[in-house]
Amino acid sequence: MDWKIAGALAFGLVLGWNVYFVNRYRRGDISFGDLTTLVGVIGGAAVLSLFPNNSDLFGAYGVGLGAGFFAYFLIILAMVKQSPNFDSDWFLDGRRRDPASGFGYGTDTRPTLAPMAVEPAHPSQQPGGANFHGQNPGEAEMVRTDRRSPALSIPNFDAARVQRACAETWSEKGPAGPFRDESHSYAIEVAHRLGVSLSGSSDQILGHIQKSPSWERLVTAAQAREAALGGKLVIAGVKAGAGSPPRIDGQLAVVTGGPLNVGGWAPSGYWGSSDPKIAALGGGGAPISNCFRAELKDEIIFVCRYI
């Protein structure tokens, strides 16, 4: 094997590895257009200009492409077999054992996805809390059908800043810290880390940012998620008088670019709360349906601004 053949093989290995990686972390449903795009990327004119058709170089490239693609899967298979927390169910629908006491996830860790499933939700992101598995029958009629997200996207730097500020604030201060009892304090601290000034109670913050020209009102949860993915600071809130019985103060959450909940009315985010059960779920980037009850979904106010 000469250097040209070795180079073509190595190029194919790298590209095949990344093709599996991209499909593993894709956000949207699979469509026929994905196949045509994939064929164009791995066998288009640019590739053929490097490795002419019917040549040894193209043959070595193709072998490397397949080897890199399946090597990714085989390595995952070996790691799953070795791990006490994963088994074959993870490949089917993403199920896995919850971490043992004393273990958790890093603040910048990608969501654990199943290679053979499209966007499976972690149990903590399911309606009903961390111990709920499967679909809530009460929300079956609200299952989201519009999931047209790009298969490939470049991470937004400001979106990563917001995510990091949310996770770092929680890891340093909550859930045992002062933000366990005050949703407005958590939102104020996150905003401060991003160079945005907020003050007052939750209701006062909502009232101010709704009137401020620096903040833009958003209508839907999908718009809030897109704004967060675009690098804006997005606040979701419900005022104290919205529920029955009314609360002493409102509830706030900081929206991030994770998946919507099953019903499609709640984007992902971080929050604090005066309710210990709600506060305990606020540090994992789960859908804010764990923060706002379903009957309040039409009362949620979404606002955003550049940072």
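**Before starting**

Residue numbers start from 1 along each chain as its sequence is written. Because the model is predicted, local features need pLDDT of at least 70 and side-chain atom pairs count only at pLDDT 80 or more, while totals for chains, interfaces and linings use all residues; side-chain values use heavy atoms, with hydrogens and water left out.

**Whole chain**

Show the chain as a cartoon: 10 helices and 5 strands are there. Helices (H or I, at least four residues) and strands (E, at least two) are DSSP runs, numbered from the N terminus. Of the 307 residues, 39% count as buried. Buried means under 20% relative accessible area, exposed over 50%, and partly exposed in between, with a 1.4 Å probe and protein chains only. The accessible surface is about 16,800 Å², and 58% of that surface belongs to carbon and sulfur atoms. Areas come from the Shrake-Rupley method with a 1.4 Å probe; for residues, only the protein chains shown count as cover. Among contacts (heavy atoms within 4.5 Å) with a separation of 6 or more, 64% are between residues 24 or more positions apart.

**Stop 1: strand β2**

Select 233–238, the residues of β2. In this strand, 6 of the 6 residues are buried, so β2 is largely enclosed by the rest of the structure. Color L233, I235 and G237 for one side, and V234, A236 and V238 for the other; both faces are covered.

Two strands pair if DSSP finds at least two bridges between them. β2 runs antiparallel to β5, with 5 bridges joining them, and G237 stands opposite I301 of β5. The pairing of β2 with β3 is also antiparallel, over 5 bridges, and A236 has A253 of β3 as its bridge partner.

**Stop 2: helix α8**

Select 202–211 and show the side chains of S202, I205, L206 and I209, the buried residues of α8. Look down the axis: these residues fall within an arc of 95 degrees, so they line one face of the helix. The arc is that of the directions from the helix axis to the C-beta atoms. Q204 and K211 are exposed on the face turned away from the buried side.

**Stop 3: helix α7**

H184 counts as buried at 18% relative accessibility. Neighbours within four places in sequence aside, H184 is in contact with G200, S201, S202, I205, D249 and L252.

Next, show W170 and Y186. Rings of Phe, Tyr and Trp (its six-membered ring) pair if their centres lie within 6.5 Å; planes under 30 degrees apart count as stacked, over 60 as edge-to-face and the rest as tilted. The count by this rule is 1 aromatic pair. The ring centres of W170 and Y186 are 5.9 Å apart and their planes are at 75 degrees, so the pair is edge-to-face. W170 is in helix α6 (residues 157–173) and Y186 in α7, so the pair ties together parts 16 residues apart in sequence. W170 is buried at 8% relative accessibility, and Y186 is buried at 1%.

The whole structure has 6 salt bridges. In the one between E189 and R193, the closest N and O atoms are 3.1 Å apart. E189 is partly exposed at 21%, as is R193 at 28%.

**Stop 4: helix α9 and beyond**

Select 221–229; the buried residues of α9 are A221, A224, R225, A227 and A228. Their arc around the axis is only 160 degrees, which puts them on the same side of α9. R225 forms a salt bridge with E226, with the closest N and O atoms 3.4 Å apart. R225 is buried at 8%, whereas E226 is partly exposed at 48%.

Just after α9, G231 has a positive phi of about 95 degrees. Then select K232 and E216, whose salt bridge has its closest N and O atoms 3.3 Å apart. K232 is in the loop between α9 and β2, and E216 is in strand β1 (residues 216–218), 16 residues apart.

How values were computed. Salt bridge = Lys/Arg side-chain N within 4 Å of Asp/Glu carboxyl O.
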